[in-house]
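Here is a short briefing for a reader who has not seen this structure before. It goes from the overall fold to single residues.

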Amino acid sequence: MPVVLVPGALRAEAGGEGRLIVGADGSLRAVLDEIGQRWPRLERRLRDETGVLRRYVNVYVDGEDCRRSGGLDTPVPAAAEIQVLPSVAGG
C-alpha cells in the first residue's frame, strides 16, 4: 500500500500523523481522493475546490515531481512513497 509522507507543517490536518498508509493506488488522484475521505482537512490544504493541486504544494511519487509526470494522473504503484512538500517563502 502507498505511504504518504506528511511534513510537520501539515500534520495537524492529518491527525498528527507523519506517515499515512492509504489503500488506494493506481493514480495520484485516487490517493488524494482517499485522503479527502479520511483526512478532509489535509485534502483542503493539498487541492483547491476544483480538485487540482494547489500551486504552492509539491508532490513527489517515488522521488518524481508529479507535475512533470502526469499531474493527478501520475501512476502510483502499490508500494509507492508519496512525499508532500508545501512551498516555503521567506527572505
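Two strands count as paired if DSSP finds at least two bridges between them. Helices (H or I, at least four residues) and strands (E, at least two) are DSSP runs, numbered from the N terminus. This is a predicted model, in which local features need pLDDT of at least 70 and side-chain atom pairs count only at pLDDT 80 or more, while totals for chains, interfaces and linings use all residues. Residues are numbered from 1 along each chain as its sequence is written, and side-chain values use heavy atoms, with hydrogens and water left out.

**Overall fold**

- The chain holds two helices and seven strands, and from the N terminus its elements follow the order β-β-β-α-α-β-β-β-β.
- The chain is as compact as a globular protein of its length, because its radius of gyration of 12 Å is close to the 12 Å that the globule rule gives for 91 residues. The radius is taken over C-alpha atoms, and the rule is 2.2 Å times the number of residues to the power 0.38.
- The C-alpha trace spans about 35 × 30 × 25 Å along its principal axes.
- Of the contacts between residues at least 6 apart in sequence, 45% join residues at least 24 apart; a contact means heavy atoms within 4.5 Å.

**Surface and charge**

- Of the 91 residues in the chain, 42% are buried. Buried means under 20% relative accessible area, exposed over 50%, and partly exposed in between (1.4 Å probe, protein chains only).
- The accessible surface of the chain is about 5200 Å², and carbon and sulfur atoms account for 49% of that surface. Areas come from the Shrake-Rupley method with a 1.4 Å probe; for residues, only the protein chains shown count as cover.
- The chain has 12 positive and 13 negative charges, whose mean positions lie 6 Å apart. Lys and Arg count as positive and Asp and Glu as negative, with His and the chain ends not counted. Each charge is placed at NZ of Lys, CZ of Arg, CG of Asp or CD of Glu.

**The sheet**

- An open sheet of mixed pairing is formed by five strands in the order β2-β1-β7-β4-β5.
- The edges are β2 (19–21) and β5 (64–65); each has a single partner strand, so one side of each is left without a neighbour in the sheet.
- β1 (residues 3–5) pairs with β2 in the antiparallel sense over three bridges, and Val3 stands opposite Ile21 in β2.
- Five bridges join β4 to β7 (residues 81–86) in the antiparallel sense, with Ile82 in β7 as the bridge partner of Val61.
- β4 and β5 are also antiparallel, over two bridges, and Tyr60 has Asp65 in β5 as its bridge partner.

**Strand β4 and its turn**

- The hairpin of β4 and β5 has two residues between the strands.
- Asp62 lies in the loop between β4 and β5 and has a positive phi of about 50° although it is not a glycine.
- With a relative accessible area of 45%, Asp62 is partly exposed.

**Ser27**

- Ser27 belongs to strand β3 (residues 26–27) and counts as buried at 17% relative accessibility.
- Leaving aside residues up to four places away in sequence, Ser27 touches Leu72, Asp73, Thr74, Pro75 and Val76.
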